[in-house]
Amino acid sequence: TMLIAGGMDGIGFSLLSSESQRIKYSNLFVLGRDFVKVDQLLLNNSNNNQTPKQQQPKIMKLPCDITQFNEIGVMLSKIKDDSIHDFILTIGSFHRGKIADIT
C-alpha cells in the first residue's frame, strides 16, 4: 500500500500514473483536492489491456484541503489498512514575486 499526498498533478500525478501500471502495490491512496486528472487516469486504466484488471492496484481518493489540519486527520483515519508501506509527499506551493509580499 502506498499513500501519495498531492497526486493531483505534477510529480505526484506522474508517480500515481506510473504506479497504477505496476503490480507492486495493491492499494494506492491519493490525498488531495481536485481529482479530475485522477478520474481520467482511472477511466484510462479501466480501458487499458496491458495490465489485467485484477492485477491493477486499487486507487482510493481521499478528498482533503491540506491547509486544514483537521481535514487531514479525518481523511487519514478513514484508511483502515494499517500496512502503508510507502508514503510520498508531493504537496507544495509556489509563489512568484518578492519574499516580502508573501503573507
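Four strands form an open sheet in the order β3-β2-β1-β4, and their pairing is parallel. The edge positions belong to β3 (58-63) and β4 (86-89), each of which pairs on one side only. From one strand to the next, the twist averages 15°. The model is predicted.

**Strand β1 and its partners**

- Strands of a sheet pair through backbone hydrogen bonds, in either a parallel or an antiparallel arrangement.
- Strand β1 (residues 2-5) runs parallel to β4 and is joined to β4 by four bridges.
- Within β4, I88 is the bridge partner of I4, and L89 is the bridge partner of A5.
- β1 also pairs with β2 in the parallel sense, over four bridges.
- On the β2 side, the bridge partner of I4 is V30.

**Side chains of β1**

- In a regular strand, side chains alternate between the two faces of the sheet.
- In β1, M2 and I4 point one way, while L3 and A5 point the other way.
- M2, L3, I4 and A5 are all buried.

**Helix α1 on the sheet**

- Helix α1 (residues 10-21) packs on the sheet and touches β1, β2 (27-32), β3 and β4.
- The direction of α1 makes about 155° with that of β1.
- Together, β1, α1 and β2 make a β-α-β unit, and this unit is right-handed.

**Residue E19**

- E19 is found in helix α1.
- E19 has a relative accessible area of 9%, so this residue counts as buried, the cut-off being under 20%.
- With neighbours within four places in sequence left aside, E19 is in contact with M2, K24, Y25, L28 and P57.
- One of these contacts, M2, is among the buried residues of β1.

**Aromatic rings**

- A pair of aromatic rings is described by the distance of the centres and the angle of the planes.
- A search of the whole structure finds zero aromatic pairs.
- K37 lies over the face of F13, at 5.9 Å from the ring centre.

Key
Residues are numbered from 1 along each chain as its sequence is written. This is a predicted model: local features need pLDDT of at least 70, side-chain atom pairs count only at pLDDT 80 or more; totals for chains, interfaces and linings use all residues. Side-chain values use heavy atoms; hydrogens and water are left out. Two strands pair if DSSP finds at least two bridges between them. Helices (H or I, at least four residues) and strands (E, at least two) are DSSP runs, numbered from the N terminus. Axes are lines fitted to C-alpha atoms, for helices over the stretch in contact, and angles run from 0 to 180 degrees between N-to-C directions. Contact means heavy atoms within 4.5 Å. Rings of Phe, Tyr and Trp (its six-membered ring) pair if their centres lie within 6.5 Å; planes under 30 degrees apart count as stacked, over 60 as edge-to-face and the rest as tilted. A charge sits over a ring if NZ of Lys or CZ of Arg is within 6 Å of the ring centre and within 35 degrees of the ring normal. Buried means under 20% relative accessible area, exposed over 50%, partly exposed in between (1.4 Å probe, protein chains only). A crossover is right-handed if, with the strands pointing away from the viewer, the path from the first strand over the helix to the second runs clockwise.
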